[in-house]
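The exercises that follow are meant to be worked through with the sequence and the 3D view side by side. Try each task before reading its solution.

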Amino acid sequence: MSDYKALIEAVIKGDIKTAVAETQSVLDAGSNARDILDKGLIAGMDEVGERFSKGQMFVPQMLRSAKTMKECMKLLEPFFQEGDITSKGKVLIGTVKGDLHDIGKNLVSMMMEGAGFTITDLGVDVSPESFVQKAKEVEPDIVAMSALLSTTMPSMPRTIEALQRAGIRDKVKVMIGGAPVTEKYAQEIKADSYASDAGSAVSKAKNLLGVS
Ligand code: B12
């Protein structure tokens, strides 16, 4: 059993050098990438969120922790690739308008890509119009939206309405996620699916499209 204490501490401190070295060292010691992600990196970011809520950490430190996590994720990325040859389906993904959080969205993209989906990533702060425009262009099977702020969640139903107005709502499945998003909210806004983490996002996407 690996101990992720040092990695968690390095993520909280935003100490990129130590965090990257720790990630490599637990990988070398035989830990699996999924464990490192969940029990090391995400556990560290959860603590960052807690401290931010309590006023013990501020935006610049939060940003530094986010950068640290991103650098560590680069080392884990190859382990999430399953190497499928044929695409399981096309996914258009983005973080909704007004929202700049992209770590979770990138993780979902990465895991989906690893599981064999073809990803078009619109990045962050994506307006309903941009989702619609790109959806017309790439004709995705799934439109996936991420929101990390309760204030940006309403952009999800707005995007669904925009897809409806453009006549493409029936041609795509809509999947949503992000820390404040819930299953109940997904039902309220008539999204087709919700997932609480990147792993279940993959299995739910497969279910939605009926692929294995
Ligand atoms: C890092 C961070 C930042 C960074 C973001 C850097 C980046 N490039 O992403 C920076 C510093 C920029 C930032 C800024 C702000 N932040 Co911030 N941030 C965080 C923090 C600490 C971590 C988020 C994170 O990356 N988590 C790790 C990832 C892996 O988890 P995740 O995003 O939840 O994603 C997982 C699931 O949710 C799911 N998922 C995510 N997206 C999707 C999409 C789909 C389709 C599916 C199926 C699943 C899915 O799968 C993911 C992987 O398992 C959180 C606290 C927290 N613990 O969530 C606060 C937090 C989200 N931030 C918060 C706030 C308030 C802000 C600011 C308003 C602060 C300010 N005063 O300026 C700004 C807003 C900027 C903006 N306009 O977006 C609040 C939000 C409160 C709320 N509910 O509205 C939080 C909760 C902190 C807190 N406790 O108060 N933040």
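**Exercise 1.** In this predicted model, what covers the buried residues of H6?

*Solution.* Begin by listing the buried residues of H6, which are Pro-128, Phe-131, Val-132 and Ala-135. These residues cover an arc of only 95 degrees around the axis, which puts them on the same side of H6. Next, look for what lies over them: the covering elements include S1, S3 and H7. Then turn to the other side of H6, where Glu-137 and Val-138 are exposed. Finally, follow the chain beyond the helix, where H6 is followed by Glu-139, whose phi is positive, near 45 degrees.

**Exercise 2.** Find which residues have the most contacts inside the largest nonpolar core, and then trace the contacts of Met-111.

*Solution.* The largest nonpolar core has 39 residues, and those with the most contacts inside it are Met-111, Met-112, Val-143 and Ala-144. Among the elements that give two or more residues to this core are helix H5 (103–114), strand S3 (142–146) and helix H9 (198–209). Leaving aside residues up to four places away in sequence, Met-111 touches Phe-80, Ala-198, Gly-199, Ala-201 and Val-202.

**Exercise 3.** Describe H9 by its span and its buried residues.

*Solution.* H9 has 12 residues and reaches 17 Å from its first C-alpha to its last, close to the 16 Å expected at 1.5 Å a residue. Its buried residues are Ala-198, Ala-201, Val-202 and Ala-205. They cover an arc of only 100 degrees around the axis, which puts them on the same side of H9. After the helix comes Gly-210, whose phi is positive, near 65 degrees.

Terms used:
Residues are numbered from 1 along each chain as its sequence is written. This is a predicted model: local features need pLDDT of at least 70, side-chain atom pairs count only at pLDDT 80 or more; totals for chains, interfaces and linings use all residues. A nonpolar core is a set of buried Ala, Val, Leu, Ile, Met, Phe, Trp, Tyr and Cys residues joined through C-beta atoms within 7 Å. A residue is buried if 20 or more other C-beta atoms lie within 10 Å of its own, exposed if 12 or fewer, and partly exposed in between; C-beta atoms are placed from the backbone. Helices (H or I, at least four residues) and strands (E, at least two) are DSSP runs, numbered from the N terminus. Two residues are in contact if their C-beta atoms, placed from the backbone, lie within 7 Å. The expected span of a helix is 1.5 Å times one less than its number of residues. The arc is that of the directions from the helix axis to the C-beta atoms.
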